[in-house]
Amino acid sequence: METIRLTMAQALLKFLDNQYVEFDGKEIKFVKGVFGIFGHGNVTGLGEALERQPGDLVYLQGKNEQGMVHAATAYAKQKNRLQIFACTSSIGPGALNMVTAAATATVNRIPVLLLPGDIFASRQPDPVLQQIEDPTDYTVSANDAFKPVSKYWDRISRPEQLMTAALNAMRVLTDPEETGAVTLALPQDVQAEAYDYPVDFFKKRVHHIERKIPSKAAVQRAVKLISEKKKPIIIAGGGVHYSLATEVLASFSETFNIPVGETQAGKSALSWKHPMNMGSIGATGSLASNILAKEADLVICLGTRLTDFSTSSKTAFQNPEVEFLNINVSTFDAMKMGAHMLVADAKVALELLTEELKKINYRSSHDTAKLQELKVKWNQEVDRLYEDERENGLSQTRVLGEINRFIDENDIIVCAAGSMPGDLHRLWRSTQPKTYHMEYGFSCMGYEVAGALGIKMAEPDKEVYALVGDGSYLMLHSELVTSLQEKKKINIILVDNNGYQCIHNLQVAHGSDGFGNEFRYRSEEENVLSGDYLQIDYAANARSLGAKGYTARTIDELKEALEKARKETVSTLIDVKVLPGTSTTGYESWWRLGVAEVSNSEKVQEAYENMQAKLEQARKY
């Protein structure tokens, strides 16, 4: 057997550089490159290999370990999981900074390869700088924290172990059902150790991503179920995008007169103008979708995880005859809500169902005129909110309306946390698929700016807008510097409402007077954060980093800033001041929180009673 002598780190890069995926006959190089921040856990191992023998892998310098993984995750999501970046860190705090982002990728079913440095496998320098010592188990290191948030985890404690670990990593990363974060912990001494690797280990490998085809019996069971129902609805999830099923969904809904509600991950699957698109569904849903969900006798769940937001904490579906048909590549997701399961690729399933339902001339009993009336009324409500004028400042919905009207239909927005995801889900009007990029599986604060960088890398010819609150921006905006370094222009629209207003609103709605969520000075009299609002110049902060920064206090100033940002060739930030409490709520939706059962506040007691009443309407599984 022909061999080649390489360090483990060199071998890992050589292997990654020769991995490809094939989907629908199109072959794509799977690993684009490596994000990294070097430290003593990886600089002379993987760092040396990236410097001397990177192959065609590009190296990007992260500024925060969590941020660079968010960028890699957004890149993979925008690429429909067909191309990824790996991310490497030093040991200890550098590695642990990636754990939150690993969970974000795993929850959203997005492939990302994490290569944290690890402590010495030889144990000779113990305890090395930044090592966590467990006196009960000396095999434990900080990297064990990745286990619960990874879909595959391994520690390469001998250089020859790389071969098994790398193949398993690719198995999971390229599996639509199992994908998520994959962690290969790399002890710093082993990274630099050499081994005679078989040459054929580095041959070009093509991983075929095949569409999961259901059995004929499963399709017939689904057809029988649909045929017996009069008022079905479809919940379109992220799987619609990954399956490239947007056109098939449009045709299916039109042919059989089945209205569609979109999850956060599924939004933009249909144009907002499509007659069967009733808008968002669930806790942040439109009135149209939520009324139809309440009346539905069948809910066809298409490529969705059915989170509590999509189901309004299992209260959205009130028809006593309602049943669920879950179409998903994952049996874990397909069985939720006690559903009838059709374990299949979304596009394939819709095509097969279309063929069979046409044979029996099926069409739902939805009143077309009523569907259009619901859609028209909701569009009128969106128009009203987009024109919400306030005498004392800008409302959040007015700002979002102006941005929505300004940007091109092919431009991409990204958001993740705060009050904007709810408003964007309800109100944002997407025309083209993949122009609405919301990380709402983990709703991870700090994803937005890093995510915008990842999206821009995936879609370099499109304008990308990160819509971010002041809280999320303060938490993590370091990859703005990376965007400048790499000359990947992103646009950050920072909506400043003086704090964590989304959670403030939840507090107040459940009996609180507001506590600990607004950015205020501490009151000396009360010793709580109830003084004046902090005044922070975020535009100046962006300019200090090398970006362009603008401030908008009026709609005219916002319009002018948007025009200037579009013409810029470097990353920009627009600091928009909005009034707290001007986001949306209601529309037949509900979201369950744990309200205190015992409290000395009558308002909290009332909120608890309201919660108990609502729970009586919720499904139990």
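Trainee: How many bridges join strand 12 to strand 15?
Mentor: Five, and the two strands, residues 232–236 and residues 298–302, run parallel. Keep in mind that this is a predicted model.

Trainee: Which residue in strand 15 does Pro232 stand opposite?
Mentor: Leu298 is the one facing Pro232.

Trainee: And what packs on the sheet there?
Mentor: Helix 13, residues 346–359, touches strand 15, strand 16 and strand 17. The direction of helix 13 makes about 125° with that of strand 16. Helix 8 (residues 216–227) also lies across strand 15, strand 16 and strand 17, and helix 8 runs at about 145° to strand 16 (323–328).

Trainee: What's the strand order in the whole sheet?
Mentor: Reading across, 14-13-12-15-16-17: six strands, with parallel pairing, in an open sheet.

Trainee: Which ones are the edge strands?
Mentor: Strand 14 (277–280) and strand 17 (340–343), each with pairing on one side only. From one strand to the next, the twist averages 20°.

Trainee: Switching topic: where is Tyr500?
Mentor: Tyr500 sits in the loop that connects strand 23 (491–496) with helix 20 (501–509).

Trainee: Why does Tyr500 count as partly exposed?
Mentor: Because its relative accessible area is 31%, and partly exposed covers what lies between under 20% for buried and over 50% for exposed.

Technical notes
Residues are numbered from 1 along each chain as its sequence is written. This is a predicted model: local features need pLDDT of at least 70, side-chain atom pairs count only at pLDDT 80 or more; totals for chains, interfaces and linings use all residues. Side-chain values use heavy atoms; hydrogens and water are left out. Helices (H or I, at least four residues) and strands (E, at least two) are DSSP runs, numbered from the N terminus. Buried means under 20% relative accessible area, exposed over 50%, partly exposed in between (1.4 Å probe, protein chains only). Two strands pair if DSSP finds at least two bridges between them. Axes are lines fitted to C-alpha atoms, for helices over the stretch in contact, and angles run from 0 to 180 degrees between N-to-C directions. Contact means heavy atoms within 4.5 Å.
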